[in-house]
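Take a look at the fold below, and then we will walk through a few of its parts together.

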Amino acid sequence: MDQQDIARPRIAFLGTGAQGASIGADFVAAGHDVTFVEQWPDHVAAIRENGITVNLPKRSFNVRVPALHLCQLAEVRQPFDIVFIVMKAYDTKWACQLIEPYLAPDGLVVGLQNGMTHEDIAAVVGRERTIGAVIEIASNMFVPGITNRENDHDTSWFAMGALDPKTQERVESVADLLRCTGTVEVTDDIRSAKWMKLVVNAAELIPSAVVDLPLADAARDPGMLEVMREAGYEAMRAALADGSKIVSIIGMPPVTTNDPERYVDQIFEKVLTTFSSQDTLTTSLQDWRKGRRAEVREVNGWVVDILAAHGQTAPMNQRVVEVALEIERGTRELTTANTAVLVEALHKVRSNA
């Protein structure tokens, strides 16, 4: 990139659903050169006609932004310097394969996603062009062209870090761009940071979705808070077995406890009290209510697989995965009655401990 490119890089947001649209809109409002690339035809049409509208807790705004359908990427002539991928974890590989021909030779891909997607990105575009990221905001979208974001900039948090040490010096400039939408921390251990986020995601996303309740209501459902914590404890054991360190994320103070389970409790409480509202639906429950599949294997299934690779089991996460996949196959109803199934599994876990 020449000096002009560094000052105003060409930026693409690949995936402009609830999260990607709100973050991308902040970039547009800040004066950056942004293009939306999206797979939902009605959404693309709405953005072209009316721009993208972002509803925040105490304000709303609208911006105009170029929007391309996936098939129109073939019309792009000038490569992108930075691509933010804000798609489901299970879409990462094909999304990277799709965008790689339109990435500048020294361009960067940033995965603003759940799950351990940084390695999938690197496998396609190269480790030297990959920036891993952690995202902590809550949004929803049910109408094309309109996204509802529950966290304004003061309660939106991100972490970023390079996979290749030689690329780490470039992360700060990308983080500075992202600061138009929230707090951004740069870390030299993005792998551990992403594991810590997966720990809390394992506790909250699918377990609360399985019982068809907003996150706060699920945590108050008798027995469910213990279920969710147990899923998080297993995820923390997987993180440590996989070589991760316990690191601070989402603005929490430096880790001072040597008790992994206590840290899980602390980080989960932070999410419940700071980064979600009383009616927050996890992305997984939104997916199911829209008839889509959720990131079951990429979050709770990941915990099961990593611990299995180290000769350990994750019975709580295993049961969560089983129930979730039954819901997706249509052999189990999505209902609050599933609480009893998960609580029963918890009792078995504890009796066998």
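## A walk through the chain

Thr92 is buried, its relative accessible area being 0%. As a threshold for that label, buried means under 20% relative accessible area. Please keep in mind that this is a predicted model. Thr92 sits in helix 4, which covers residues 92-99. Leaving out residues up to four places away in sequence, Thr92 touches Gln113, Thr117, Asp120 and Ile121.

Now for the chain as a whole. Its secondary structure amounts to 14 helices and twelve strands. The radius of gyration is 20 Å, close to the 20 Å that the globule rule gives for 353 residues, so the chain is as compact as a globular protein of that length. Along the principal axes, the C-alpha atoms fill a box of roughly 65 × 40 × 35 Å. Of the 353 residues, 58% count as buried. If you like to think in terms of contact order, take the contacts between residues at least 6 apart in sequence: 70% of these join residues at least 24 apart.

| Helix | Residues | Buried residues |
|---|---|---|
| Helix 3 | 41-50 | His43, Val44, Ala46, Ile47 |
| Helix 12 | 300-309 | Asn300, Gly301, Val303, Val304, Ile306, Leu307 |

In helix 3, the buried residues are His43, Val44, Ala46 and Ile47. Viewed down the helix axis, these buried residues fall within an arc of 165°, so they line one face of helix 3. What do they pack against? Their partners are helix 2 (18-29), strand 2 (33-38), strand 3 (52-55), strand 5 (67-69) and strand 9 (139-143). Gly51 follows helix 3, and its phi is positive, near 75°.

And which elements meet the buried residues of helix 12? These residues pack against helix 7 (190-210), helix 9 (224-241) and helix 13 (315-329). Just after helix 12 comes Gly311, with a positive phi of about 75°.

Definitions and conventions: Residues numbered from 1 in each chain as written. Predicted model: local features only at pLDDT ≥ 70, side-chain atom pairs only at ≥ 80, totals over all residues. Heavy atoms only, no water. Buried < 20%, exposed > 50% of the residue type's maximum accessible area, 1.4 Å probe, protein only. Helix = DSSP H or I, 4+ residues; strand = E, 2+ residues; numbered from the N terminus. Arc of directions from axis to C-beta. Contact = heavy atoms within 4.5 Å. Rg over C-alpha atoms; globule rule 2.2 N^0.38 Å.
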